[in-house]
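The sequence and structure come first.

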Amino acid sequence: MDVLYKSTRGNGSAVSASQAILKGMPDDGGLFVPFEIPKLDVNVSDLAKMDYREVAFEVMRRFLSDFTEAELKSCIAKAYDEKFDTEEIVSLKERDGAFYLELFHGPTIAFKDMALSILPHLMTTAARKNHVKNEIVILTATSGDTGKAALAGFADVPGTKVIVFYPKDGVSPVQERQMVTQKGGNTYVVAIRGNFDDAQTGVKKILEDEKLSRELAEKGFQFSSANSINIGRLVPQIVYYVYAYALLVRRNKIKNGDKMNVVVPTGNFGNILAAFYAKNMGLPIGKLICASNENKVLSDFFHTGCYDRNREFFLTSSPSMDILISSNLERLIYMVSGSEDENKKLMEQLSQKGIYKISDEMRGRLHNFYGNYASEKETQAVIKKMFEDTGYVLDPHTAVASAVYDEYQSETKDDTPTVIASTASPYKFMGSVLHSISTEKSENLTDVEQISALHKICNVAVPNAVKEIFDAPVLHDTVTDVKNMEQTVKNIIFR
Ligand SMILES: *Cc1c(COP(=O)(O)O)cnc(C)c1O
C-alpha cells in the first residue's frame, strides 16, 4: 500500500513520504499526516524474535512506502549501530512495578537520538530520490536535547547545513556544553534571548517565509526541519513502542494481545504521539498517560478540553519539557476533529489568542489519554525514593513520568503492565539529580566533580557523551535577539 501525506490544515496536494521528510512542513503552516495510518499486519510472535533494526524495518516500511527495501535497510543500519552504547539499542528495565524503556543509549544520551540518528540518512536518501540538487539547510529550535542530537546527526553530512537555536538560559549546563562544542564544518549553534516557544515560533516563521525560500532556491539552498514536526522524526519513534511490546511478550510479562499502558514525559507531544500512532497501527496499547512538569498546559487540556498557553512559563529541572506550545498536538487535534477545517480554525485561535476549546464530542475521542503533572518537589521526591528503594537513578524527565504514573495508579487502581518512556540519562541532568539524592551540596561542585559524585553514588558507567565535552573547546558563541533570527540565518547561509 502506498502511504501518502497531506497537511492537517487542508491546503496543498498529497505528497510522498520522502517529499514530506524533505519539506518538513507543508506551506499552509499545518503538519504532514498520513491519509491513513497503516496497520501493523505482522504477528507479534514474529516481532518478538526480531532485534531492534528488524522491528524498525517492519514499522518504518509501512509509513515510508516510497523508500525501497534496500534504501530503508541501509538507513537503519547506519543509524542504529555502535553509536549506541548497548547492542540492543534500547533497554527495558523492570523497577518498582513498571517497565522503564531506556531510550537514552545513543550518542547524546537523550531519546532524541532514536529519531535524529536516522533522520539525516532518510533526508539525504529522500533528496536523492527526488533529484534535489539544492543544499539542505536544517533549521531547528531546541529545548536542549533536539539541538545536540540534530547537530550530531547532521555534522559533516554532505549536502546539508544544520542551524540550531536554543534559549540562552533555558537548557542544562551539560546540554549547552554539548551544543557549543559541536564539531563539523556545516554546524551552527545560536543562543537566543528568549524561551523555547520563542525559538520554535521563530523557526516556524522562517520556514513559512515564501520570499526567503525563493531567495534560497535561487542560490541553491532549501530549508527543512529536524524538529519533531518532521514525519522523519515521528515514524522512527513509533518503532520503540512496538519493540517494547514485543519484548514484554518475549519475556513472558504479557501474552500476545494483552494490553500495555505507556507513560510519556511530554513537551512537544512528539513522543506520545508516536505511541498513539502505534496504537492506531493496531498495537495493543491501553492508556496513553501524558506526563507534564509545572508547565502543565497539556495536563489542563486533558482535564478540561481547553488548551490555554496564556500562563506563566516556568524553568524547571526537566527543561526539555518546558514548553507551552506543543506542536505535535495539532496532529491529535486533527485526528479527533475529523476535519481539516475544524483543526485549522482551532490552530488559528491558538496563534491569535493563545487559547482554544475542543467540543465534547472531540473530548470523547480522547478517552484513551490520561494527563497529569508533577511539581518540582514531587519530581525530586520520586528520584530520591526510587534510588533509595531500588538503587535505580532516574533523570528528572523520567521522574516526572514516574510521579504521574504513581498518581494515575492511585486514582484508577489500573494494574495493566506499564512502560515508562525513560527519555534521558541521569548524567545529562546531574546537577538536579544529585540535588535529589545526595546530601552533598551539588551547587558547590564543578561539573567534573558532579560527574564523579554521581558515578560514585549510582555506579552506572559515565557515558562518553559526558566525558568528552568538558575538555572540548567552545566552537560556537553567537547570542542574538529573537527578532534577529532570520537575519542570523541569512548571514550563515549567504556568507
Ligand atoms: C524532548 C524531550 C522530552 C519531550 O518529548 P516530546 O516529544 O517533545 O514530548 C522529554 N524528555 C527529554 C529528555 C527530552 O529530550
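Which backbone atom of F269 lies 3.0 Å from an oxygen atom of the ligand? A backbone N or O atom of F269 does.

## Basis

This is a predicted model, in which local features need pLDDT of at least 70, side-chain atom pairs count only at pLDDT 80 or more, and totals for chains, interfaces and linings use all residues. Residues are numbered from 1 along each chain as its sequence is written, and side-chain values use heavy atoms, with hydrogens and water left out.

## Ligand contacts

The protein buries 98% of the 390 Å² that the ligand exposes when taken alone (Shrake-Rupley method, 1.4 Å probe).

## Ligand surroundings

The ligand is surrounded by 15 residues, of which K112, D145, G267, N268 and T423 are the closest (a residue is near if one of its heavy atoms lies within 4 Å). By class, this shell has five nonpolar, eight polar and two charged residues; Gly counts as polar in this scheme.

The ligand takes up the space of the largest cavity (on a 1 Å grid over the protein atoms alone, a set of points where a 1.4 Å probe fits but cannot get out).

## F223

F223 belongs to strand 8, residues 221-225 (strands are DSSP E runs of at least two residues). F223 has a relative accessible area of 10% and is therefore buried (under 20%, with a 1.4 Å probe and protein chains only). F223 and K161 are 62 residues apart along the chain, and their C-alpha atoms are separated by 9.4 Å.

Conventions:
Polar contact = N/O pair within 3.5 Å; in protein donor to acceptor, adjacent residues only side chain to side chain. 1 Å grid on protein atoms, 1.4 Å probe; cavity = no way out; pocket = protein on both sides within 12 Å on 5 of 7 lines; lining within 4 Å. Sits in = over half its atoms within 2 Å of the grid points. Helix = DSSP H or I, 4+ residues; strand = E, 2+ residues; numbered from the N terminus. Buried < 20%, exposed > 50% of the residue type's maximum accessible area, 1.4 Å probe, protein only.
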